[in-house]
Amino acid sequence: MNPMPLELHGTTIVSVRKGNQVIVAGDGQITLGHIRLKTNAKKVRVLGGGRVIGGFAGATADALTLFERLEQKLEQYPAHLARACVELAKDWRTDKYLRRLEAMMVVADEKGTFILSGTGDVIEPEEGIVGIGSGGAYALSAASALVKATDLTAKEIALRAMEVASKLCIYTSNYFSYEILEG
């Protein structure tokens, strides 16, 4: 009998854009199979000299490598997050080393929010709300409902959406970290 391989799971990242505020929030849980290894990892970062915020789901080392590459692209295209994301996605798809990286990213600046994936996707959500990771669909659903039905701020919506995800997704902890940009 072959034992089941242990798989890394974890992470819920949500981004909400409302009014002059955009937030990227994430949980801190890292699991290996059925074992909770850590609940307070920080998966949200500030990039581009404080002009960009981002969060990742997937393999940590892979995501950090991608954040470094995005920083390089932001240096090349300092006022153009969309262009930096497209250039990173091109490299991610065509470079033999990068192609093997297993992660997804959400990045935002004052103008736009983007999802980046290893399949070459650069997606800008229509309503400025996005969720990725194991609990991403739960957080996205909650945030979508709250943004339309309440007068809550982007921060309040994102943190409530993370609470919903943490109650439904076994791979999402109730420890949250976040970064906010206000324009």
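Trainee: By class, how many nonpolar, polar and charged residues are in the lining of the second largest pocket?

Mentor: Seven nonpolar, two polar and five charged. Here Ala, Val, Leu, Ile, Met, Phe, Trp, Tyr, Cys and Pro count as nonpolar, Asp, Glu, Lys and Arg as charged, and the others, Gly among them, as polar. Keep in mind that this is a predicted model, where local features need pLDDT of at least 70, side-chain atom pairs count only at pLDDT 80 or more, and totals for chains, interfaces and linings use all residues. Residues are numbered from 1 along each chain as its sequence is written, and side-chain values use heavy atoms, with hydrogens and water left out.

Trainee: Which lining residues lie nearest the centre of that pocket?

Mentor: Arg-51, Pro-78, Ala-79, Asp-109 and Glu-110, out of 14 lining residues. On a 1 Å grid over the protein atoms alone, a pocket is an open set of points where a 1.4 Å probe fits, with protein on both sides within 12 Å along at least five of seven lines; lining residues have an atom within 4 Å of a point.

Trainee: New topic: which residues touch the most other members of the largest nonpolar core?

Mentor: Leu-47, Leu-70, Leu-74, Leu-81, Met-105, Val-107 and Leu-116, in a core of 18 residues. Strand E7 (52-58), helix H1 (60-76), helix H2 (81-94), strand E8 (103-108) and strand E9 (113-117) each give at least two residues to this core. A nonpolar core is a set of buried Ala, Val, Leu, Ile, Met, Phe, Trp, Tyr and Cys residues joined through side-chain atoms within 4.5 Å. Helices (H or I, at least four residues) and strands (E, at least two) are DSSP runs, numbered from the N terminus.

Trainee: And what is Leu-81 in contact with, leaving aside neighbours within four places in sequence?

Mentor: Val-52, Leu-74, Val-107, Ala-108, Asp-109, Gly-112 and Phe-114. Contact means heavy atoms within 4.5 Å.

Trainee: Now Thr-11: buried or exposed?

Mentor: Thr-11 is buried, because its relative accessible area is 3%. The cut-offs are under 20% for buried, over 50% for exposed and partly exposed in between (1.4 Å probe, protein chains only).

Trainee: Where is the place of Thr-11, and which side chain makes a polar contact with its side chain?

Mentor: Thr-11 sits in the loop between strand E1 (8-9) and strand E2 (12-18). Its side chain pairs with that of Lys-43 at 2.6 Å. A polar contact is a pair of N or O atoms within 3.5 Å; within protein, one must be able to donate a hydrogen and the other to accept it, and residues adjacent in sequence count only if both atoms are side-chain atoms.
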